[in-house]
Amino acid sequence: MTTPHPIASIVGVLIVALSLSAFLIWVERRLLALWQDRYGPNRVGPFGLLQVLADMIKIFTKEDWIPPFADKPVFVIAPAIIMVTVLMSFAVLPVAPGIVVSDLNIGLLFFLGMSSLGVYSIVLAGWASGNKYSLLGGLRAAAQMISYEVFMGLSLMGVVLLAGTFDLTAIVEAQRGLWYVIPQFLGFVLFLIAGVAEARRLPFDLPEAEAELVAGFHSEYSGMKFGMFFVGEYLGITLISSMIAVLFLGGWNGPWLPPLVWFLIKVFAFLCFFILLRASLPRMRFDQLMSLGWKVMFPLALVNLLVTGAIVLAKR
Amino acid sequence: MMLSVARQPGTPSTPTATIGDELRSLVGESAVTPQATADGIPTFWVAPGDVRRVLAWLKTQVVQPYRMLYDLTAIDERMRTHPQDAPASDFTIVYHLLSFDRNEYIRIKTPLKEERATIDTVSNLWPAANWYEREVWDMFGIRFDGHPHLERLLMPRTWSGHPLRKDHPARATEMGPFQLPDAKQDAEQEALRFKPEEWGMKSGRDGQDFLFLNVGPQHPGTHGVLRVILQLDGEEIVDAVPDIGFHHRGAEKMGERQSWHTYIPYTDRVDYLGGVMNNMAYLMAVEKLAGIQVPPRAQVIRVMLAELFRIISHLVWYGTFAQDLGQLSPVFYTFNDRERAFGIIEAICGARMHPNWFRIGGVAQDLPKGWDGLIRDFLKYLPPRLAEYDKEVMQNWIFKGRTQGVGTFTKDEAIEWGVTGPGLRACGFAWDFRKTQPYSGYEHFEFDIPTGTHGDCYDRGLVRVEEMRQSLRIIEQCVDNMPEGPYKSLDARACPPLKDRTMHDIETLITHFLGVSWGPVIPPGEALGAIEATKGNNGYYLVSDGSTTSYRTRIRTPSFAHMQMLPLLARGRMIPDLLAILGAMDFVLADVDR
């Protein structure tokens with residue numbers, strides 16, 4: 001197989017990631033509707049598929065409003081941060097053999113670093129809005145980040161130990177025989193939970209919490225600035241689903257079907273799982289999230305790391 | 001406490017003749033004047049100076065005390081035309097107390113003169129009196145000495161006049177055109193400026209400012225136009241002050257303009273999730289005043305529709321409670337179920353949320369053909385759905401984590417604050433007015449009173465969920481045992497009267513004509529009609545001056561008392577808990593503000 005030109009990879013990943021996350025808005029609304037005994041968007045185009053397009057036109061033509069009490073530069077930069085950090089993470093994501101923008105040998109660390117930076121978007125947006133609800137949302141995001149980032153990183157160290165590398169492509173290659181979801185099941189569960197928190201989805205959508213904080217950190221945003229948070233959220237879900245597929249489900253590995261199809265199937269399955277979570281679970285309180293993170297998840301991640309390390313050593 | 005609950009309905013309660021004697025021995029023979037009322041509630045006039053002492057004695061010292069301040073209101077007596085066997089009074093303060101041991105109310109009245117409309121507060125006796133007294137100040141301009149925070153409650157702070165005084169206009173057209181000159185606008189704007197001290201809050205502690213957060217009046221978690229001012233330390237709630245009155249529509253004032261009959265649709269809109277249940281409380285008071293007997297078939301139809309509305313109201317609560325805690329789906333399921341129940345309501349009543357279906361002396365029409373089939377289908381349909389929601393909501397561990405141990409109050413606190421309904425039963429107190437003071441034939445039905453043990457948000461939920469099952473039981477018994485007979489009283493004042501004989505004799509025709517055009521004349525007197533409504537005890541205290549309209553319509557609503565308790569439940573908790581507490585309270589803003 002020939003490796004595509006880097007520019008082609010960049011453009012390809014960018015287009016696919018963005019259109020996938022836009023498409024995901026439609027998928028989520030239809031799936032939620034299905035699970036909630038209603039129709040969802042079904043008027044614009046076949047099966048309501050063009051709803052996203054209509055929304056896009058609307059959101060691009062809206063007045064670009066910045067509240068007078070907001071901290072203007074920060075208010076403008078905040079939504080860009082989330083888009084940039086998530087899209088940067090896609091750069092190290094190996095989609096199929098040879099299809100990767102940048103095959104970094106520290107790809108996993110790069111991903112973790114970018115996801116930590118992404119939280120700044122939420123915190124800064126909450127702060128810069130000059131709105132108390134937004135501020136509380138931003139504070140919650142900061143508290144949430146501190147609670148889950150640690151065990152998120154730790155939960156992946158088992159995979160790193162088994163594969164012996166931070167290189168995502170090499171990690172996928174190492175799963176040719178056995179997907180890491182089996183030897184690293186605990187790590188998989190921990191990362192999945194951390195991923196939900198990372199994507200700020202129910203039951204961990206505390207910074208947004210529309211029933212409590214109205215819309216939390218993005219209460220004051222409208223137009224495409226709001227749209228960037230919105231798309232950023234779906235990009236985030238796509239990214240987390242892709243990372244789960246890459247790290248635990250063998251990435252593109254699979255029989256019969258082409259690697260790219262396998263990868264997309266795995267990603268899509270997790271996307272649906274994220275939406276199902278939203279359709280079924282209530283929200284946790286943020287002190288409950290913190291105690292879950294520190295008192296349950298963090299020790300479990302350490303245990304997972306210790307046991308994996310011991311086994312790897314013993315096998316030597 | 002449990003003794004009175006276990007007592008079979010129908011047995012006479014504790015002899016009440018003695019309470020008057022005991023009162024006399026306390027304040028003196030001449031200082032207590034009994035008054036006969038249409039509802040049989042022992043009613044006594046005492047002098048304003050004695051009120052506090054009498055109430056304190058009734059609450060704490062008398063055998064089988066009256067522990068709950070059920071209602072506190074006033075009557076502007078200045079326009080009375082019909083003489084009453086009572087002390088002369090310009091403004092009468094009326095206290096309704098409830099004794100659970102006796103299973104009985106007592107009504108204490110005290111006369112005030114217009115020039116000295118002041119009385120001692122009882123808010124230090126019952127914390128619940130705080131809002132009731134503020135409401136009386138707001139509506140009647142009667143001052144309460146020693147009240148900690150005597151400010152307007154329902155009307156805007158800039159309002160001039162006291163709306164429930166008889167000389168206050170009832171309609172916009174009586175008030176002259178509305179004008180908003182700049183000076184007035186500035187004054188109104190200035191009055192809206194938030195000053196923590198005006199709300200009884202501090203602006204800071206140890207040199208640190210608190211964060212004040214307005215939750216509402218426009219907020220997805222408040223279920224309507226409620227404003228809760230939160231005083232925050234981080235996300236911890238230091239104090240919470242509910243600001244009510246946004247939904248105030250003067251329902252009580254309207255009662256003084258509408259005929260006894262035409263007021264019924266207004267009651268529908270008080271607890272707007274309770275539909276015909278509101279009609280029932282109001283009509284019970286009217287029927288007591290007029291001495292109209294409701295035929296058995298009408299009684300059973302009333303019970304059946306009321307229980308259906310209890311289910312409808314609880315379904316709304318169920319879905320929105322889950323949604324308040326972030327669970328997005330149940331609200332769609334329960335609203336679907338509610339639509340089905342509304343289908344039945346529509347088939348019987350012709351309308352859905354506000355059917356305005358009960359009439360003085362019965363209901364508006366007989367049941368339509370095929371009504372029993374519709375209800376039987378629903379009886380089969382709902383239980384499996386409820387079982388599903390149990391799994392999805394009540395047994396969900398995150399849901400339990402969010403509600404268990406949150407917003408807890410004890411039975412004693414509940415009684416102090418005037419809590420009735422599921423909130424009271426969640427504390428383990430099996431008090432249901434359908435059982436303890438049966439009305440409309442509830443004594444003939446078999447059903448259980450679900451109770452909780454912890455008095456927290458979760459138990460309040462459990463009680464309501466089980467109540468839906470019990471309501472289904474009652475409805476089933478209604479379908480199985482629907483008596484034959486007239487759907488409305490044959491009394492000429494039943495409104496509109498039955499038309500059978502109008503074409504046969506002139507007397508009936510004239511009565512019919514008058515009943516329809518002016519509305520019936522209800523004999524002078526006063527009566528309280530109180531029911532176990534969807535959210536607690538809903539009571540209509542009506543005073544008739546022997547005319548075609550009510551002289552005073554007092555609506556005692558459960559949500560008002562429950563909302564007043566919010567600060568107590570919210571202090572020291574976090575913002576998400578506030579939503580759990582509000583959700584578990586199950587209030588309706590129109591029921592708070594009227």
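**Two chains, from one helix outward**

Let's start on helix α3 of chain B. The face of α3(B) turned away from its buried side carries two exposed residues, Thr60(B) and Gln61(B). Some terms, quickly. Helices (H or I, at least four residues) and strands (E, at least two) are DSSP runs, numbered from the N terminus. A residue is buried if 20 or more other C-beta atoms lie within 10 Å of its own, exposed if 12 or fewer, and partly exposed in between, with C-beta atoms placed from the backbone.

This is a predicted model, where local features need pLDDT of at least 70, side-chain atom pairs count only at pLDDT 80 or more, and totals for chains, interfaces and linings use all residues. Residues are numbered from 1 along each chain as its sequence is written, and chains are lettered from A and ligands numbered from 1 in the order in which they are written.

Back to α3(B), residues 51-61. Which of its residues are buried? Val54(B), Leu55(B) and Leu58(B). They cover an arc of only 95° around the axis, so they sit on the same side of α3(B). That arc is taken from the directions that run from the helix axis to the C-beta atoms.

Chain A has 11 helices and 0 strands. Its radius of gyration is 20 Å, close to the 20 Å that the globule rule gives for 316 residues, so chain A is as compact as a globular protein of that length. The radius is taken over C-alpha atoms, and the rule is 2.2 Å times the number of residues to the power 0.38. The C-alpha atoms of chain A fill a box of roughly 65 × 45 × 40 Å along the principal axes. Of its 316 residues, 46% count as buried.

Chain B has 21 helices and 17 strands. The radius of gyration of chain B is 24 Å, close to the 25 Å from the globule rule for 594 residues, so chain B is as compact as a globular protein of that length. Its box is roughly 85 × 60 × 55 Å, again for C-alpha atoms along the principal axes. Buried residues make up 49% of chain B.

Where do the chains meet? 26 residues of chain B are in contact with 23 residues of chain A. Contact here means C-beta atoms, placed from the backbone, within 7 Å. On the chain B side, the elements that give two or more residues are β10 (211-215), α9 (296-324), α10, α12 (397-403) and α20 (575-585). The largest share, 4 residues, comes from α12(B). By type, the chain B side divides into 14 nonpolar, 9 polar and 3 charged residues. Nonpolar means Ala, Val, Leu, Ile, Met, Phe, Trp, Tyr, Cys and Pro; charged means Asp, Glu, Lys and Arg; the others, Gly among them, are polar.

Next, strand β5 of chain B, residues 104-112. 8 of its 9 residues are buried, so β5(B) is largely enclosed by the rest of the structure. Two strands pair if DSSP finds at least two bridges between them. Strand β2(B), residues 43-46, runs parallel to β5(B), joined by 3 bridges. Phe44(B) stands opposite Ile108(B) there. Strand β4(B), residues 91-99, pairs with β5(B) in the antiparallel sense over 9 bridges. Ile93(B) has Thr110(B) as its bridge partner. β4(B) and β5(B) form a hairpin with 4 residues between them, and Asn103(B) in that turn has a positive phi of about 55°.

Most residues other than glycine have a negative phi. Here are two further exceptions. Asp37(A) has a phi near 55°. It lies in the loop between α1 (6-35) and α2 (51-61) of chain A. Asp37(A) is exposed, with 11 other C-beta atoms within 10 Å. Asn356(B) has a phi near 50°. Its loop runs between α10 (330-349) and β13 (358-359) of chain B. Buried or exposed, Asn356(B)? It counts as buried, with 20 C-beta neighbours inside 10 Å.

Last stop, an open sheet in chain B. 3 strands stand in the order β15-β16-β17, with antiparallel pairing. β15 (525-532) and β17 (550-556) are at the edges, each with a single partner strand, so one side of each lacks a neighbour in the sheet. β15(B) pairs with β16(B), residues 537-544, over 8 bridges. Glu532(B) has Asn537(B) as its bridge partner. Helix α8(B), residues 276-290, lies across β15 and β16, running at about 150° to β15(B). Axes are lines fitted to C-alpha atoms, for helices over the stretch in contact, and angles run from 0 to 180 degrees between N-to-C directions.

Note on methods: Two residues are in contact if their C-beta atoms, placed from the backbone, lie within 7 Å.
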